[in-house]
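Thanks for coming. I will talk through one structure, with the sequence and the model on the screen.

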Amino acid sequence: MLTDHAPPRPLSYAAPALPRLSPTPGLWRGPLPWALAAGAVALLVLAPLAALGLEALQGSSGLWPHLFAYVLPQAILDTGLLLAGVGLLVVAIGTGAAWLVAAYEFPGRRLLDWALLLPLAVPTYIVAYAYLDLLHPVGPVQSAIRALLGVAHPRDLMLPDVRSLPGCILLLGFVLYPYVYLPARALFLMQSANLVEAGRSLGLAPAAVFRRVALPLARPAIALGTSLALLEALNDIGAAEFLGVRTLTVSIYATWVNRSDLPGAAAIALVMLVFVLALMAVERAARRRRGYAGAAQRPRRMSRQHLTGAPALLALGLGTLPVAVGFLAPAAYLAVEALHRVRFAGVSPTILREALNTLLYSGIATLLATGLGLVVAAGPRLFSDRGAWRIALVRCATLGYAMPGAILAIGLMPPLAGLDAALDGASRALTGAGLGLVGLGTGVALVYAYVVRFLAVTVGTSEAGLARVPRSLGDAGRVLGRGAAATLAQIHLPLTWPAVLGGALLVFVDCVKELPATLLLRPLNVETLATHLYGEAARGTYEDGAVAALLIVAVGLAPVAVLLRMSTPKA
Amino acid sequence: MREQASRVRPTDPALAVEDVACRFGRVLALDGVSLEVRPGEVMALLGDSGCGKSTLLRIVAGLERPTRGRVLLDGHLVAGPGVAVPPEARGVGLMFQDYALFPHLTVAENIRFGLAGRPPAAREAADSLLDQVGLSARADSYPQTLSGGEQQRVALVRALAPGPRLLLLDEPFSNLDRRMRDRVREDTVALLRRTGTTALLVTHDPEEALAVASRIALMRRGRLVQVGTGEALYRRPASLFAARFLADAVEIPARVASGRAETPLGPVAAPGFAEGAAVRVCLRPEAVGVGPRGRGRDAQVLRRVFVGSATLLLLRVPGLAQPLRARISGTESCGPGDAVGLTLLEQAVLVLAEEDEGSSLEELQTEARPAARRSSH
């Protein structure tokens, strides 16, 4: 111990000179710069919403009756049915699959555990694009069925057409269920072990345990996942368009692109916002009752029930179905088609250029979103007085995630067009030369939309990372002479970079996949991989589309690994 | 003005807290606390969890802002109306309950963290400190690989290395098991003495406060209850709460009549109380003398408890509901059932005003808590 090791010699320790105390409040060392930065971010996020409202109000007085008579009834009905169908499907598949891998042990379970996440890599428009061809009357599936049944001609065997609302619901359900699977699986694995075992010991059959114990416990997580899946479904433009479903998003796009009617598009976007708010309200209500979900003190893994023989095969088959429909079939189709294309025509320079564009816009947006997300998330951790306004600022900055790309794009156009005109005018007055469209013409608008839409991801992952750094470490940094920014850089960042990088990866992939905002806000004549695919599918030409789609899916696979690691509770 | 003085004057306390209040939403964590710590002294802030002692520590460090009042370090105003010197500019050291060692830095890097911009001599001094606590060999280890006691020493050295004008310690020994704690506590106090460090230590453990501090500030519900040397607090508690916090006692409710409080053990002097005032006569074991039967009041031995350094007798006294406890040297031969004679040592008997609105039950519960926590280690 100390006295044993230290010989009784005089202390050679001399206290260094004390720092001079400055009696100034230290305005710029305090929370003010953070508040300004977070406030600016919140304003940037809220601006498109405000503009949307103004734009919708400016439309001619005849706008709403026309919309209500001709556009909205169909769009609202289709969107409502789509959301209801997809909601039911993702809850059924996601929860069922999560329970299957959490409660049972069977051959292939470990593989399924992560494979069930794979459909996350397939954007809705790509799954639709793939199945459009796969299930085409002369496509491989129908041809195979005819060959099996000995039918010669497509006309002699009419199978249900995938280009329909039920077809759209099915396809979206099979790629969006991981949003439910992921949180439900984490919850089943982590929280309900003791309670599930208590249920069993009280004499409940496994099925009854699921229905009466595990399901109610997981309800908040399921609600959260479902709301995220439905926001994705609402955001979808490609699948609905390809499969002939006139959702609100499709209507917004058509109103703007085909009729150049911005007030009309804004009005439809406002209606869509009602759907978003309803979804958020449901999710909030579910979260409020989250309290009992955290009852278990020490997470302990549930012991799985071992299955053998026919039940094991059945479990494997049930678990494989969503992976096969949502990932394996479309990915295999794309791989085969892409291979054909590359063999036939090589890798076209167009695709390379588009890949570069995708990389550029997504990369810039990722850097910005990561930096801003970290700053926004760090505020409440770095400054001690935890005012409610600070939390409110953070919440505002993350609102964009609930805004489908189409709403965001329509909301961004008026302010950016105004800004462009003002900058152009100012430049003309000052230098005599115009600047052109600085915002809408250069991709600034696109990057802006990406950042607003995905800021919640980086804020969320940064918050999660920072939350794992004990508060005392930050305090220690301050007391040992570092300012707030230096503490963030020297203490928090080195300890949270995996979370921050994980967030950046998620945002990058989300940007690569994002279709509606890209479609509406990209500079003239600039194509990304996503818009290329959309263009080909819309025209009905099948050239480099498969290559573009395969690239997007490949990029989309990266975060699956990250998500899996983040959601697997430590044993 | 005092806070504009450019030099530390010998008359300035190392720390002066003046009427500090702190409110978190609807919770008033501190309610008008005034306190002075003299240069070179070790003061303990003693109180239950939630009494505001840690909040006060954080305010002094600059990690929280008081809603009212002023904080002065060596006579310089560091917190007050319109003034908030950030923690990094206060020259105050803080040792955290969880040690808060940076897990991505080695022991040496942790200790040098607070020395940025200091001359090389400061680094040597820090290395020498590490040597003095016997951890030079672990300088390149990461904190997670050290034992709890070693982490505690690294945290102490890290806080001392920049030569703080005031060292704040937040429950510095609570993460150590009991066997180790006494040793580490002694070592820590020795190091504080050798470095001449002024320190303010937060603890919920009265034994720890008595062992470490030259003076104790007892807190309750955001207010200071009593400040004084440990002995003064123990022997002359200003309130029933203070008496209960520092040691267990058998309490006998009584009323004052002509300057005396009547108890089943006879009358006790109660100077300074109004006629008819409700008081409690507190009898700690050392206030009760045990002799042969016939000397003083009659009592019967219920149980004899050997606690190592002493022997406790549990005694039944006619007219007293709860058993009385007395400490004997252990050489006496009395056992259960024996009749003995009791005398009260007047100077050790405490007579304290009854605390209002029947709060005694709640006090007993809060008092029981630190004891329970101690025994759980």
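Predicted model: local features only at pLDDT ≥ 70, side-chain atom pairs only at ≥ 80, totals over all residues.

Residues are numbered from 1 along each chain as its sequence is written, while chains are lettered from A and ligands numbered from 1 in the order in which they are written.

Chain B, then. It has nine helices and 21 strands; helices are DSSP runs of H or I with at least four residues, strands are runs of E with at least two, and both are numbered from the N terminus. Along the principal axes, the C-alpha atoms of chain B fill a box of roughly 75 × 50 × 40 Å. Of the 377 residues in chain B, 45% are buried, that is, 20 or more other C-beta atoms, placed from the backbone, lie within 10 Å of the residue's own. Contact here means C-beta atoms, placed from the backbone, within 7 Å of each other. Taking contacts in chain B between residues at least 6 apart in sequence, 66% join residues at least 24 apart.

How is chain B divided into domains? The assignment, which is automatic or from a database, gives domain 1 as 2-234 and domain 2 as 237-376. Their centres, taken over C-alpha atoms, are separated by 36 Å. Ten residues from domain 1 of chain B and twelve from domain 2 of chain B make the contact. On the domain 1 side, strand 10 (215-220), strand 11 (223-228) and helix 7 (230-235) of chain B each supply at least two residues. That side divides into five nonpolar, two polar and three charged residues. Nonpolar covers Ala, Val, Leu, Ile, Met, Phe, Trp, Tyr, Cys and Pro, charged covers Asp, Glu, Lys and Arg, and polar covers the others, Gly among them.

Now the sheets. Strands count as paired if DSSP finds at least two bridges between them. One open sheet of chain B has five strands in the order 2-1-4-5-6, with antiparallel pairing. Its edge strands are strand 2 (27-37) and strand 6 (83-84) of chain B. Strand 1 (residues 15-24) of chain B joins strand 2 of chain B over seven bridges, and Leu15(B) stands opposite Val37(B).

Another open sheet of chain B has six strands, ordered 7-8-9-3-10-11, and its pairing is mixed. Strand 7 (92-95) and strand 11 of chain B are the edges. Strand 7 of chain B runs parallel to strand 8 (residues 166-170) of chain B, with four bridges between them. Among the residues there, Met95(B) has Leu169(B) as its bridge partner.

Last, chain A. Helix 5 (residues 124-134) and helix 22 (residues 529-539) of chain A pack at about 35°, with axes 11 Å apart; axes are lines fitted to C-alpha atoms, for helices over the stretch in contact, and angles run from 0 to 180 degrees between N-to-C directions. Which residues make the contact? Helix 5 of chain A contributes Tyr125(A), Ile126(A) and Tyr129(A), and helix 22 of chain A contributes Leu533(A), Tyr534(A) and Ala537(A). By class, this contact has six nonpolar, no polar and no charged residues.

Conventions:
Contact = placed C-beta atoms within 7 Å. Buried ≥ 20, exposed ≤ 12 C-beta atoms within 10 Å, placed from the backbone.
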